[in-house]
Amino acid sequence: MKVLAVNGSPRKNWNTAMLLDSALDGAKSAGAAGRRVDLYELDYKGCTSCFGCKLLGGPSFGRCAMRDDLTEILEEAIDSDILLLGSPIYFNDVTGEMRSFLERLYFPDITYNKSREQLYPKKRQVGWFFTTNAPAGTYAKLYPEVCATSERLLGHTEYVDASETLQFTDYSLYAADMFDVPARKERREKVFPEDRKKAFELGKKLAELSRNTGAAAK
Ligand SMILES: Cc1cc2nc3c(=O)[nH]c(=O)nc-3n(C[C@H](O)[C@H](O)[C@H](O)COP(=O)(O)O)c2cc1C
């Protein structure tokens with residue numbers, strides 16, 4: 001049972017990465033094996049609309065034709081049984097790097113045929129992990145929308161979000177006096193560990209679902 005965690009935050013050990021690591025630990029606790037990749041470590045672009053993935057008889061039919069640091073990661077994601085996707089919300093959406101990754105993952109799977117068939121050989125269990133500055137509920141519309149696309153293309157999808165995250169360790173160093181810093185710090189100590197527990201439980205649940213249902217063949 002293979003798990004891949006994809007970190008769409010530039011920060012490798014802060015809110016999103018921590019949430020994702022908890023989910024990864026949860027999946028591993030249920031028997032999955034795998035790793036986390038940090039998208040901002042990689043050199044790649046979003047889909048360039050080359051259509052190599054849809055060229056009938058072409059060498060890249062059903063796969064992204066672009067060759068860069070994402071090539072190997074896309075194969076791992078396609079082959080995964082559990083895919084954990086983490087992103088902070090940047091200007092009301094997932095980060096640019098996560099978006100570019102998703103374009104490259106989603107597009108080769110679909111065709112413009114009337115049958116709307118999908119080309120990847122299997123579905124997987126998907127967990128989304130979002131973190132925000134804004135209070136809980138702010139993105140109540142966005143999360144189901146993001147999840148609906150991964151549900152349709154990648155497989156069964158659920159999410160966990162952490163809101164009002166701690167953005168800096170020392171707020172006094174930055175132009176950021178609109179925050180109630182003691183409340184943020186308290187939230188980090190009391191609420192964020194609960195969010196991490198939810199992430200762990202979701203990772204575990206997805207791995208158990210994967211184990212119980214098998215890699216649902218199409
Ligand atoms: C460029 C940028 C844009 C952001 N836009 C939003 C936003 O639209 N809504 C929000 O709630 N938080 C926003 N944030 C805050 C982050 O989503 C939040 O601090 C998140 O937890 C950071 O995740 P990280 O600790 O993994 O980097 C933004 C942060 C940055 C750097």
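Tutor: R99, L102, E103, Y106 and T149 lie nearest the centre of the second largest pocket, among the 15 residues that line it. This is a predicted model, in which local features need pLDDT of at least 70 and side-chain atom pairs count only at pLDDT 80 or more, while totals for chains, interfaces and linings use all residues. Residues are numbered from 1 along each chain as its sequence is written, and side-chain values use heavy atoms, with hydrogens and water left out.

A pocket here is an open set of points on a 1 Å grid over the protein atoms alone, where a 1.4 Å probe fits, with protein on both sides within 12 Å along at least five of seven lines; lining residues have an atom within 4 Å of a point. The second largest pocket holds about 260 Å³, a volume being the space filled by probe spheres set on the points, which are joined across faces, edges and corners.

Helix 3 (96-106) and helix 4 (142-153) each supply at least two lining residues; helices are DSSP runs of H or I with at least four residues, numbered from the N terminus. Helix 4 gives the largest share, five residues. By class, the lining has 10 nonpolar, one polar and four charged residues (nonpolar: Ala, Val, Leu, Ile, Met, Phe, Trp, Tyr, Cys and Pro; charged: Asp, Glu, Lys and Arg; polar: the others, Gly among them).

For reference, the largest pocket has a volume of about 370 Å³. R11, P88, I89, Y90 and Q167 are the closest to its centre, out of 18 lining residues. Eight of the residues lining the largest pocket are nonpolar, nine polar and one charged.
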